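Here is a protein model to read through with questions and answers. Each answer sets a value against a rule and then concludes.

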Amino acid sequence: ATRFRPLLLISCSALFLILFFMNLGRVCVMPKRIDANFNQYGWENDFWFRNAFYGDTQKYKEIMGGKYDQTMESAATAVSPDHQRIKIMVGSVFQNQSITHRNIGIIFEGFSAWVNDLDWKIAGFPAFLKYSPLVDNASLKTNKNAYFMKEHVCVPSEELDKMKKAPLDKKIVVLTRQDLRVFIFVHSQDAPNIINEYIARTPYTITLRKKGEVVELEGLEIKNYSEIPLDKIKQNFFFVVQNLYQGGR
């Protein structure tokens, strides 16, 4: 039996190599096979609103149908393909927080404004902010390693080390960009507490509705690098980031 062991080892190894390379060939073409499966229905924006599959997809269809009417559906499908780019854009503004898709909404009538109370819906907004990302990040933790020296980020500067120590109080960092307009929408009572040389009043408001309640939030524009002190804002707020080159999208 011992003398057949090398032959058996060679045979098994050869069989393994044959199977390995056969499967390797299939693995290499798997993305193409998937693309061939999805070419008719996989790339449609209204995928989750239709009966594309059976099983769990039917449950998702019911959820989406219950959440969005036809107008809201068109808004969601218009913005959702850009979700990754929007997340990256928002993350570049709020440098000391880890923004997730859960914290990002859109400015459109009927969509929720706050993660912790989804019943507050957008009822009115400035037309130029339509489809712009709404950022509800007040409850997120702040990173102590992402604060900047204003003298190096509020003007053009090639200073290599622009970081500074974190303040003792909790603040949200807003690093503005030339291609973006950044707004914070707050209750009118809170507005005077955060206005400064870089945060200015605007004529813009956003109206929210929750059943019989109506709230109008005042828009302040953040024109340069700022640190928003959370202890000076007593009521709920959110940010809106408008992309100047893509009409809010």
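**Helix, sheet and single residues**

Q: Which residues of helix α4 (residues 83-93) are buried?
A: In this predicted model, the buried residues of α4 are Ile86, Met89, Val90, Ser92 and Val93.

Q: What puts these residues on the same side of α4?
A: Around the axis they cover an arc of only 155°, so they lie on the same side of α4.

Q: What covers the buried residues of α4?
A: The cover includes α3 (70-79) and the strands β1 (104-106), β4 (133-135), β7 (171-174), β8 (180-186) and β12 (238-243). The helix α4 lies across β1, β4, β8 and β12, and runs at about 50° to β4.

Q: What is the order of the strands in the open sheet?
A: Eight strands form it, in the order β1-β4-β12-β8-β10-β9-β3-β2, with antiparallel pairing.

Q: What makes β1 and β2 (112-114) edge strands?
A: Each of β1 and β2 pairs on one side only. From one strand to the next, the twist averages 40°.

Q: How do you know that β8 and β12 pair?
A: At least two bridges are needed for two strands to pair. Between β8 and β12 there are six bridges, in the antiparallel sense. In one of them, valine 182 has valine 241 in β12 as its bridge partner.

Q: How many bridges do β2 and β3 have between them?
A: They have two bridges and pair in the antiparallel sense. The cut-off is at least two, so this counts as pairing. Two residues lie between β2 and β3 in their hairpin, and tryptophan 114 stands opposite aspartate 117 in β3.

Q: How many bridges join β3 to strand β9 (residues 199-210)?
A: Three bridges join these antiparallel strands. Glycine 124 stands opposite threonine 207 in β9.

Q: Why is tryptophan 120 called buried?
A: Tryptophan 120, in strand β3 (residues 117-124), has a relative accessible area of 10%. Buried means under 20%, so tryptophan 120 is buried. Beyond four places away in sequence, tryptophan 120 touches Phe111, Ser112, Ala113, Trp114, Leu208, Arg209, Lys210, Glu213 and Val215. One of these, glutamate 213, is 93 residues apart from tryptophan 120 along the chain, yet their C-alpha atoms are separated by 8.9 Å.

Q: Why is aspartate 179 called buried?
A: Its relative accessible area is 17%, and the cut-off is under 20%, so aspartate 179 is buried. Aspartate 179 has its place in the loop between β7 and β8. Apart from neighbours within four places in sequence, aspartate 179 is in contact with Gln242, Asn243, Leu244 and Tyr245.

Q: What makes the link between aspartate 179 and arginine 177 a polar contact?
A: The limit for such a pair of N or O atoms is within 3.5 Å. The side chains of aspartate 179 and arginine 177 are joined at 2.7 Å.

Q: With which side chain does the side chain of serine 92 make a polar contact?
A: Serine 92, in helix α4, makes this contact with the side chain of arginine 177, at 2.8 Å. Leaving aside neighbours within four places in sequence, serine 92 is in contact with Leu175 and Arg177.

Q: Why is cysteine 28 called exposed?
A: Its relative accessibility is 52%, and exposed means over 50%, so cysteine 28 counts as exposed.

Q: Is cysteine 154 buried or exposed?
A: Cysteine 154 has a relative accessible area of 14%, which is under 20%, so cysteine 154 is buried.

Q: How many disulfides are there?
A: A disulfide needs a pair of cysteine sulfur atoms within 2.5 Å. By this rule the count is zero.

Methods. Residues are numbered from 1 along each chain as its sequence is written. This is a predicted model: local features need pLDDT of at least 70, side-chain atom pairs count only at pLDDT 80 or more; totals for chains, interfaces and linings use all residues. Side-chain values use heavy atoms; hydrogens and water are left out. Buried means under 20% relative accessible area, exposed over 50%, partly exposed in between (1.4 Å probe, protein chains only). Helices (H or I, at least four residues) and strands (E, at least two) are DSSP runs, numbered from the N terminus. The arc is that of the directions from the helix axis to the C-beta atoms. Contact means heavy atoms within 4.5 Å. A polar contact is a pair of N or O atoms within 3.5 Å; within protein, one must be able to donate a hydrogen and the other to accept it, and residues adjacent in sequence count only if both atoms are side-chain atoms. Axes are lines fitted to C-alpha atoms, for helices over the stretch in contact, and angles run from 0 to 180 degrees between N-to-C directions.
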